[in-house]
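Open the model in your viewer and keep the selection panel at hand.

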Amino acid sequence: MTQNILLLPGDGIGPEIMAQAVRVLNKLKTDGLDIQWDTALIGGCAVDETGNPFPEETLKKCRAADAVLLAAVGGPQYDSLPREQRPERGLLAIRKEMQVFSNLRPAVVYPELVEASTLKPEVIAGLDIIIVRELVGDIYFGEPRGIEQRVTENGEERVGFNTMIYNETEIRRIAHSAFKTAQKRNKKLCSVDKMNVLEATQLWRDVMIEVSAEYPDVELTHMLVDNAAMQLVRNPKQFDVMVTGNMFGDILSDAASMLTGSIGMLPSASLDANGKGLYEPIHGSAPDIAGKNLANPLAMILSVAMMLRHSLNQTEAADRVDNAVKAVLAKGYRTGDIMTEGGIKVGTVEMGGAVLAEM
Ligand code: NAD
């Protein structure tokens, strides 16, 4: 049966890197993979056309697709819009609507790019970890939220507030996702919380321990988030799979991405309860380099590989894409963001072409 993919190029470098992903998809299709794709608007370009960063039409197409591939959204021209119309609202909305609660963010250091990291080679060489971040709950969605005029001990003034909240069901489902991810790897899972001060994360820890009874083959450890931030930079190789809530995961996964040297190399997958997913590079729309053929398309192309693996069950095709990226790096091709000594500097289109040649 033909598998349907929805492409959301978005803003900034989004369309440029998506074009390279489409070349890869075309190659796979030509070689016999039974896929087809459609395109829709999200983010700033959707605001420009419809006034809504996540139009109804896009939601309908998301629901109909087997997997969704998103490039990036946002740009400085949208920063002064009302909050509901900002491109980033489109991102939160698509995640919530698709109920993709489990965000898998690998941080892998390719041997050829060890020198591209700001950390010492011995700290990061061989690094291969995954952060599992809960994506549709926590303080980012909790109610009540707002900025209000209130009377405080200082008199009347503005007060900003948000709510950190998790129910058992939400914690349990991300726990299962994380334990299953750990089972496929080194069977080590570190759960990150702040149980010493936040009740919501005390419950997080309690439920993690309860669920661990169903996964006796996985070793579960716990770490407070402040220590986890420190350990990620000090000795990241002590981790294999980490699981944490939406806000802590947002911050820790960005820190982890920097261990690898370039934000332009890292894909991500966000999965729902049935394995349907939203796939996107972890970086943003990079308006500073948009339209200049400078963007690294590899995170986007590696997102295609994750999509083939996790939602479309096409392991062979996924390996083919992953291996082509490895081969391109081994041959020395580099976009500016991952330039190393002796590297062959190429642009977005040339990098896409190099991957295609390896496939
Ligand atoms: P960014 O990730 O877009 O860029 C950070 C830096 O990394 C920039 O110097 C950029 O040039 C560089 N960079 C990013 N991706 C690259 C790539 N593929 N190749 C080479 N260099 C790359 O983050 P930002 O500058 O903080 O945000 C820019 C816009 O993107 C904002 O509007 C922000 O809200 C939005 N944003 C979107 C997403 C998303 O779509 N998932 C994520 C983060 C930020």
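Domain 1 (1-101 + 264-359) and domain 2 (118-260) each give at least three residues to the lining of the second largest pocket. The domain bounds come from an automatic or database domain assignment. This is a predicted model: local features need pLDDT of at least 70, side-chain atom pairs count only at pLDDT 80 or more, and totals for chains, interfaces and linings use all residues. Residues are numbered from 1 along each chain as its sequence is written, and side-chain values use heavy atoms, with hydrogens and water left out.

Select E88, L91, L92, R95 and D250. Of the 26 lining residues, these lie nearest the centre of the second largest pocket. On a 1 Å grid over the protein atoms alone, a pocket is an open set of points where a 1.4 Å probe fits, with protein on both sides within 12 Å along at least five of seven lines; lining residues have an atom within 4 Å of a point. The space in this pocket is about 660 Å³, a volume filled by probe spheres set on the points, which are joined across faces, edges and corners.

Now colour helix 4. This helix supplies five residues, the largest share of that lining. By type, the lining has nine nonpolar, six polar and 11 charged residues. Ala, Val, Leu, Ile, Met, Phe, Trp, Tyr, Cys and Pro count as nonpolar, Asp, Glu, Lys and Arg as charged, and the others, Gly among them, as polar.

Next, select L104, I130, M306, R309 and H310. They lie nearest the centre of the largest pocket, which has 35 lining residues and a volume of about 1000 Å³. Both domains give residues to its lining, so the largest pocket lies between them.

**The sheet**

10 of them form an open sheet of mixed pairing, in the order 2-1-3-12-11-4-5-10-8-9. Strands (E, at least two residues) and helices (H or I, at least four) are DSSP runs, numbered from the N terminus. Two strands pair if DSSP finds at least two bridges between them. At the edges are strand 2 (35-39) and strand 9 (219-224).

Zoom to strand 11 (267-271) and strand 12 (277-281). They pair antiparallel over five bridges. S268 stands opposite E280.

**Helices across it**

Return to helix 4 (87-98). It lies across strands 1, 3, 5 and 12, at about 150° to strand 12. Contact means heavy atoms within 4.5 Å. Axes are lines fitted to C-alpha atoms, for helices over the stretch in contact, and angles run from 0 to 180 degrees between N-to-C directions.
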